[in-house]
Amino acid sequence: MSIVSVAKWLEATAPAQAISQSAWMFPAAETIHVIAIALVVGSIAVLDLRLLGLSWTRRPITEVAGEVLPWTWSSFAVAAVAGTAMFISGASKYIVDLPFQLKFVVMFLAGINMLVFHRFTYQGVAHWDRNASPPRAAKIAAALSLIFWIGVVTCGRLVSFSIENQFAPPG
Amino acid sequence: MLESFCTWLENTSLSAAIQNTGWIIPLGQIIHILCLSIVLSSVVLLDFRIMGLAALRVPIPDMARRFLPWMWSALALMVVTGSILVIGEPKRDLLNPVFWTKMLLLLAAAAMTFLFQLSIRAKARVWTGNGKGRTAIRLFAAITLTAWIGVAVCGRLIAYFMAG
């Protein structure tokens, strides 16, 4: 069974059919997805810029993380649910779409970067929590995070240019 | 009138250059969305702080100083990229009621945010305090945030209400 046939099965399910046949469900999911991803990227950028030593440098890193990461995670959950709704409505088109595939590769890289940062670098945060300029490893992780998330948004925006969606004219 | 203005704009050499260079509109949209993430995250964090729902350890004037300069810079870049998108496809936007709704909400949201900024700057001592502010102020912050969300919603929905 190929991935495309799984995708075809998925888009024939009742929820997928409901979304693709509704005039408003896809635009609604897309609007929620855009707002949620904006909050994901904007909130993680606040922490990344702190780690880079570029903003809010007087504040402890753990406090900045405590304030923004709940926004990042909850927005990510909303973006994932709305994105799943959009995906199933046309799964067989998206699964073979290059920007869509790239988006998930870049998101995977963002996830790996985050895991490595939390598992290793961040364990020692107590030693540099109040430093305006954290160690190089933290700065590299923060720069990669910004680059990857900008990449996710870029690929996401390009998906609609490469997909002919009956409800979504390019743009 | 508006329609003939669109036709004129569409035929300017600037519009033609945008239309004929395939990557300008996608790139403009990508920058527009990245700036939206700065604007929305900034106003969400600041307005939730004013509502007493987030970052209570940080005094409101500190929040305003951290986020509003980024917010205004990103908004300025959104005006630039947005203008490029309008010049490239005038009829898509200028003949679209959702676009004008977005512009009205944008004016309201930006004006309300500016009022907050002026007040926080002028009366920093009053705004500094760990507790929650007056109900009226918290309500005003909620209205401001709703207007910003409305701007983003209309922005996305422009594509679904195109006239031509």
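Helices (H or I, at least four residues) and strands (E, at least two) are taken as DSSP runs and numbered from the N terminus. P61(B) is placed in helix α4 of chain B. Residues are numbered from 1 along each chain as its sequence is written, while chains are lettered from A and ligands numbered from 1 in the order in which they are written. The model is predicted: local features need pLDDT of at least 70, side-chain atom pairs count only at pLDDT 80 or more, and totals for chains, interfaces and linings use all residues.

The predictor assigns the complex an ipTM of 0.94 and a pTM of 0.94. Confidence per residue is expressed as pLDDT, which runs from 0 to 100. For chain B the mean pLDDT is 94, and 96% of its residues reach 70 or more. Where pLDDT is low, predicted coordinates should not be read in detail.

Chain B contains eight helices and zero strands. Its pattern along the sequence is α-α-α-α-α-α-α-α. The C-alpha atoms of chain B occupy a box of roughly 55 × 25 × 25 Å along the principal axes. A residue is classed as buried if 20 or more other C-beta atoms lie within 10 Å of its own, exposed if 12 or fewer, and partly exposed in between, with C-beta atoms placed from the backbone. Of the 164 residues in chain B, 37% are buried. Two residues are in contact if their C-beta atoms, placed from the backbone, lie within 7 Å. Among contacts in chain B between residues at least 6 apart in sequence, 84% join residues at least 24 apart.

Helices α3(B) and α4(B) pack at an angle of about 155 degrees, and their axes lie 8 Å apart. Axes are lines fitted to C-alpha atoms, for helices over the stretch in contact, and angles run from 0 to 180 degrees between N-to-C directions. Angles under 35 degrees count as roughly parallel, over 145 as roughly antiparallel, 65 to 115 as roughly perpendicular and the rest as oblique. α3(B) and α4(B) are therefore roughly antiparallel to each other. The residues of their contact comprise 23 nonpolar, seven polar and one charged. Here Ala, Val, Leu, Ile, Met, Phe, Trp, Tyr, Cys and Pro count as nonpolar, Asp, Glu, Lys and Arg as charged, and the others, Gly among them, as polar.

The loop between α3 (24-50) and α4 (60-88) of chain B holds A55(B). Phi of A55(B) is near 50 degrees, a positive value in a residue other than glycine. Most residues other than glycine have a negative phi. A55(B) counts as buried because it has 20 C-beta neighbours inside 10 Å. In chain A, W56(A) is found in the loop between α3 and α4. W56(A) is not a glycine, yet has a positive phi of about 55 degrees. With 21 C-beta neighbours inside 10 Å, W56(A) is also counted as buried.

P61(B) is partly exposed, because 16 other C-beta atoms lie within 10 Å. Leaving aside neighbours within four places in sequence, P61(B) is in contact with I120(B), A124(B), W127(B) and T128(B). P61(B) and A159(B) are 98 residues apart in sequence and 38 Å apart in space, C-alpha to C-alpha.

The contact between the chains takes 24 residues from chain A and 24 residues from chain B. On the side of chain A that touches chain B, α3 (25-51), α4 (61-89) and α7 (136-162) each supply at least two residues. The largest share, 11 residues, comes from α3(A). The residues on this side of chain A divide into 14 nonpolar, six polar and four charged.

Terms used: pLDDT is the predictor's confidence in each residue, from 0 to 100.
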